[in-house]
Amino acid sequence: MFPHRHLTGIEGLEPHEIAFLLDEAEHWVEANRQHDRGQDRDWARLAGLTQINAFFENSTRTLLSFEIAGKRLGADVVNMHAAQSSVKKGETLIDTAQTLNAMRADILVIRHMSSGAVKLIADKVDCAVLNAGDGRHEHPTQALLDALTIRRRRGRIEGQRVVICGDLLHSRVARSNILALTALAAEVRVCAPSTLMPPAVERMGVTRFTDFDAALEGADVVMMLRLQNERMDGGYVPSPREFRLRYGLTPERLKRAKADALVMHPGPMNRGIEIDSAVADGPQSAITEQVAMGVAVRMACLDVLTRRARGVEGWA
């Protein structure tokens, strides 16, 4: 069902393995809506297990989502922030990995500013590792929650025309979403200025656009990405105003997509730049629903990745 010890990325997962994680998350979507959650033993699956959220890069929503997910499953959750870690004192990543391993955690949730850092840690520890975002590489649970949102709102992923627009070059969210959605047979269009378009992106099975209006024609889903200025080392766009004029999702521009097109954004949003408030808060927006799906997806991943350690039948 899911033979992998870690979840460091969407790359390498089979379509049925991605679908399995989405199906597992469906259970938690419904369970999270119950008023009496916590009364059932089903909620204590991770009781007695230690979950360390080691975030070497700042985060609010992802860290909070993983913390809520772990606590709802009964885990002992410990948050480690980069500003308080020995990395700031010069400790190497491998030394940190070995230190965390010596603490006998049952699952590590890692966020790091360097691509490949999570895989490096996963190779050095004995417990399961879950990637919460590493550099420009991947953010697998974000892609899973986006796929779950699309499947629930649109009924299916196969055949859906999904437009991903914005800072594709620096976006791990875009990369993971492309891998997940193409694996599940969606038609993916990517749109960005040429300066923010990854080279040879067509090799990932997507159609490339620099004209946002053209990309939006007949779209079922429109996923916007913010300008990641913190990862830019030069001028990639003339100005935020110019970017908005050509690539901002306005109510008028959204009309080029299907009338019932879904609007998505992984957050945080830069309102008035890549997306207008009228769209972000409008009836077609699924942005707050994405947050709810995030908790469910992360609960499913924490559950699945610890089943072997918990001795769940069939996972030994």
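Me: Helix 5 passes helix 11 in a crossing: left-handed or right-handed?
Reply: A crossing is left-handed if the near helix is turned anticlockwise from the far one by less than a right angle, and right-handed if clockwise. The crossing of helix 5 past helix 11 is right-handed.

Me: Which pLDDT do local features need?
Reply: Residues are numbered from 1 along each chain as its sequence is written, and side-chain values use heavy atoms, leaving out hydrogens and water. This is a predicted model: totals for chains, interfaces and linings use all residues, side-chain atom pairs count only at pLDDT 80 or more, and local features need pLDDT of at least 70.

Me: At what angle do the axes of helix 5 and helix 11 cross?
Reply: Helix 5 covers residues 140-154 and helix 11 covers residues 287-305. Helices are DSSP runs (H or I, at least four residues; strands are E, at least two). The axes (lines fitted to C-alpha atoms over the stretch in contact, angles from 0 to 180 degrees between N-to-C directions) come within 8 Å and cross at roughly 120°.

Me: Which residues of helix 11 make the contact with helix 5?
Reply: Contact means heavy atoms within 4.5 Å. From helix 5 come Thr141, Gln142, Leu144, Leu145, Asp146, Leu148, Thr149, Arg152 and Arg153. Helix 11 answers with Glu289, Gln290, Met293, Gly294, Val297, Arg298 and Cys301.

Me: Is Thr149 buried or exposed?
Reply: Thr149 sits in helix 5. Leaving aside residues up to four places away in sequence, Thr149 touches Leu262, Met264, Ala286, Glu289, Gln290 and Met293. The cut-offs are under 20% relative accessible area for buried and over 50% for exposed, with partly exposed in between (1.4 Å probe, protein chains only). Thr149 has 0% relative accessibility, so Thr149 counts as buried.

Me: What is the centre to centre distance of the aromatic pair Trp28 and Trp43?
Reply: A search of the whole structure finds two aromatic pairs (ring centres of Phe, Tyr or the six-membered ring of Trp within 6.5 Å; planes under 30 degrees apart are stacked, over 60 edge-to-face, the rest tilted). Trp28 and Trp43 are edge-to-face, with 65° between the planes and a centre to centre distance of 5.5 Å.

Me: What relative accessibility does Trp43 have?
Reply: Trp28 lies in helix 1 (residues 15-32), and Trp43 lies in the loop between helix 1 and strand 1 (50-55), 15 residues apart. Trp28 counts as buried because its relative accessibility is 0%. Trp43 counts as buried too, because its relative accessibility is 7%.
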